[in-house]
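Subject: Structure handover

Hello,

Here is the structure I said I would pass on. My notes on it follow below.

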Amino acid sequence: MNVLLMYEPTEGHFRRLQEAAPGARLNVATSEASARAWVEETEVVLGNRWFLQTLPSARRLRWMQSNSMGVDLILRQAGPRLRSVTLTCVRGIYEDELAEHALALLLGVTRGLRAALEDYQRRQWGRWSLTTLAGRRSLVLGWGTIGRAVGIRLRALGMHVQGVRRSVEGPPVRDADQFVIHGPETWRQELATTDVLLVTLPWTSATEGCVGRSELQSLPASAIVVNVGRGAVMDESALFELLHAGRLAGAGLDTVVDEPPAADADVWNVPRLLLTPHVGRSLETGSPRWEPVFEENLRRFWQGLPLLHVVDQQAGY
Ligand SMILES: NC(=O)c1ccc[n+]([C@@H]2O[C@H](COP(=O)([O-])OP(=O)(O)OC[C@H]3O[C@@H](n4cnc5c(N)ncnc54)[C@H](OP(=O)(O)O)[C@@H]3O)[C@@H](O)[C@H]2O)c1
């Protein structure tokens, strides 16, 4: 079996991959040209780099392990060739970081940090009335690894927390931790009483634009919207219009539709908006945290066991 690594592995990681699949041949691509040369004979690709460019030549490919949580770009750009390939993503390693980032955006909005920074730059001592989260209601749209990690923290701040999952059918259910979880049919009925809408959804055909103009207009004017999932899930123009019109209290975005936004994009001129450059999962230094997932999944593949974090290509995540 040929395994192609589309990244330069650390020494320890390479050794552990060899131990995971003792009879496999591990090849390391160091450029797009070398990836293209190796991919024709490979059954397994580990890592995203050069994957899309070389996929048309990957005649024998059976499994691809991505090093991201969101696989929207791979699914959108790979085309039909990917359908006969098992695709796995990484999960369960970045949610603490994402949840802290979502909270930073939320607290930054409620505690007026943008205005404070602007005043600081003008050497002004402005003082305003600020809001608190304790006792208020939040709806976490996307109750996966990130959403749940956010929800636990919001509850710790004294908020009332509800989540949304695709797999809940009919009326909302209570999960083991007593969180109320809605399905796609019922979450919209909560919007009128939602103080914080926190979006951690993947970008799929079902979620694209699902936080649209009417959903945003249904929120109270005192509500705050935070999105750390994907920009395409939300109607950005509607969000910006409502912020300009004072019909929402504020927003925090770690992700927008066009990244990076153009110099003259609307996003640079929106009041009460905190924007971070898609750093919820920040750049890693040292050994990447996905290494153990790759090693475990290669062991499983080698032994014919079910893989971790298999993407449902039909559902899109
Ligand atoms: N900002 C960043 O730096 C950053 C970093 C990593 C990831 N992300 C984004 O965050 C997303 C979520 O990551 P995750 O690890 O939490 O994913 P996950 O564990 O797969 O969770 C996704 C959640 O969304 C729900 N969902 C999917 N489609 C839905 C629909 N149509 N209606 C209602 N709920 C729906 C799923 O429902 P079920 O539970 O029923 O499946 C699940 O609860 C990723 O896909 C990626 O786009 C952003």
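To begin with the ligand: one of its oxygen atoms has a polar side-chain atom of Arg165 at 2.6 Å. Please keep in mind that this is a predicted model. With Arg281 the backbone is involved: one of its N or O atoms lies 3.0 Å from a ligand oxygen. The ligand would expose 940 Å² if taken alone, and the protein buries 92% of that area.

Around the ligand there are 27 residues. Arg165 and Ser167 are among the closest, together with Thr145, Asp254 and Tyr317. By type, this shell consists of 11 nonpolar, 10 polar and 6 charged residues.

I also looked at the second largest pocket, which holds about 390 Å³ of space. It is lined by 21 residues, and those closest to its centre are Val109, Gly112, Leu130, Ala249 and Arg272. Two or more lining residues come from each of helix H5 (95–110), helix H6 (113–121) and strand S13 (273–275). Which element gives the largest share of this lining? That is H6, with 4 residues. The lining of the second largest pocket divides into 11 nonpolar, 6 polar and 4 charged residues.

Regards

Methods
Residues numbered from 1 in each chain as written. Predicted model: local features only at pLDDT ≥ 70, side-chain atom pairs only at ≥ 80, totals over all residues. Heavy atoms only, no water. 1 Å grid on protein atoms, 1.4 Å probe; cavity = no way out; pocket = protein on both sides within 12 Å on 5 of 7 lines; lining within 4 Å. Points joined across faces, edges and corners; volume = space filled by probe spheres on them. Nonpolar A, V, L, I, M, F, W, Y, C, P; charged D, E, K, R; others polar. Near = heavy atom within 4 Å. Polar contact = N/O pair within 3.5 Å; in protein donor to acceptor, adjacent residues only side chain to side chain. Areas by Shrake-Rupley, 256 points an atom, 1.4 Å probe, with all protein chains shown as cover.
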